[in-house]
Amino acid sequence: MLNLIEVGKPSFPTIDIVRRLSVVMLLVLSACSVGRPADDASGEEIYQQLCANCHGDDLNGGIGPPLGPGSNAANQADAFLEFTIMNGRGRMVSFSSSLNDEQLDRLVVYLREEQAG
Ligand code: HEC
């Protein structure tokens, strides 16, 4: 006869595996979250933290279009850049929950400086 109480109890290896899995999950989650840049982060730091993955370290593009000198973005008004960053566009996510107004200003100033060459 099977002892039902024994069957329902998780064995020690099971508990160990669950504990290990939850540690791995936490690590994965923290690595995936983009996070907010520091309040006093420079425009360049914000760009490198949030944008470089898709637009390239040097604004030359990648998953997203180039943003540097001669790009379409360089010929658009500040309002276009701000709107795109805060609302997203196509496959680009919105950054409205990651950036405050001052950080957004610093980021756009940085893009303009880079675009000027
Ligand atoms: C997940 C990848 C990804 C990230 C991260 C990302 N972008 Fe984008 N971005 C894109 C893609 C893809 C497009 C093109 C969207 C479309 O037009 O369909 C785009 C478009 C743009 C455009 C419009 C360019 C044009 O010529 O139309 C600007 C400006 C821009 N991104 C700026 C930024 C800035 C600044 C950041 C950081 C705050 C950023 N992006 C982060 C993927 C990304």
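**Close-up views of a predicted model**

**Figure 1. Crossing of helices α4 and α5.** The crossing of α4 and α5 is right-handed in this predicted model. The two helices, α4 and α5, pack with their axes 11 Å apart and at an angle of about 125 degrees. Helix α4 is therefore oblique to α5. Helix α4 comprises residues 78-87, and α5 comprises residues 101-115.

**Figure 2. Surroundings of the ligand.** A shell of 21 residues surrounds the ligand. Cys51, Cys54, Gly64, Gly90 and Met92 are the closest of these residues. By residue class, the shell consists of 13 nonpolar, six polar and two charged residues. Helices α3 (43-55) and α4 (78-87) each contribute at least two residues to the shell around the ligand. The greatest contribution to this shell is that of α3, which provides five residues.

**Figure 3. The largest nonpolar core.** Twelve residues form the largest nonpolar core of the model. Its members are Ile46, Tyr47, Leu50, Cys51, Leu59, Leu67, Ile85, Phe95, Leu99, Leu104, Leu107 and Leu111. Two or more residues of this core come from each of the elements α3 and α5 (101-115). Helix α3 gives the most to the core, with four residues. In soluble globular proteins, nonpolar side chains tend to be buried together. Cys51 belongs to this core and is also one of the residues closest to the ligand.

**Figure 4. Leu59 in the loop between α3 and α4.** Leu59 lies in the loop that connects α3 and α4. Its phi is near 70 degrees, a positive value in a residue other than glycine. Most residues other than glycine have a negative phi. Leu59 counts as buried because 23 C-beta neighbours lie inside 10 Å, where the cut-off for a buried residue is 20 or more. Leu59 is also a member of the largest nonpolar core.

Figure 5. Tyr47 is located in helix α3 and is one of the residues of the largest nonpolar core. With 21 C-beta neighbours inside 10 Å, Tyr47 is classed as buried. Tyr47 and Asp57 are 10 residues apart along the chain, and their C-alpha atoms are separated by 8.5 Å.

Technical notes:
Residues are numbered from 1 along each chain as its sequence is written. This is a predicted model: local features need pLDDT of at least 70, side-chain atom pairs count only at pLDDT 80 or more; totals for chains, interfaces and linings use all residues. A residue is near a molecule or strand if its C-beta atom, placed from the backbone, lies within 6 Å of it. Ala, Val, Leu, Ile, Met, Phe, Trp, Tyr, Cys and Pro count as nonpolar, Asp, Glu, Lys and Arg as charged, and the others, Gly among them, as polar. A nonpolar core is a set of buried Ala, Val, Leu, Ile, Met, Phe, Trp, Tyr and Cys residues joined through C-beta atoms within 7 Å. Axes are lines fitted to C-alpha atoms, for helices over the stretch in contact, and angles run from 0 to 180 degrees between N-to-C directions. Angles under 35 degrees count as roughly parallel, over 145 as roughly antiparallel, 65 to 115 as roughly perpendicular and the rest as oblique. A crossing is left-handed if the near helix is turned anticlockwise from the far one by less than a right angle, and right-handed if clockwise.
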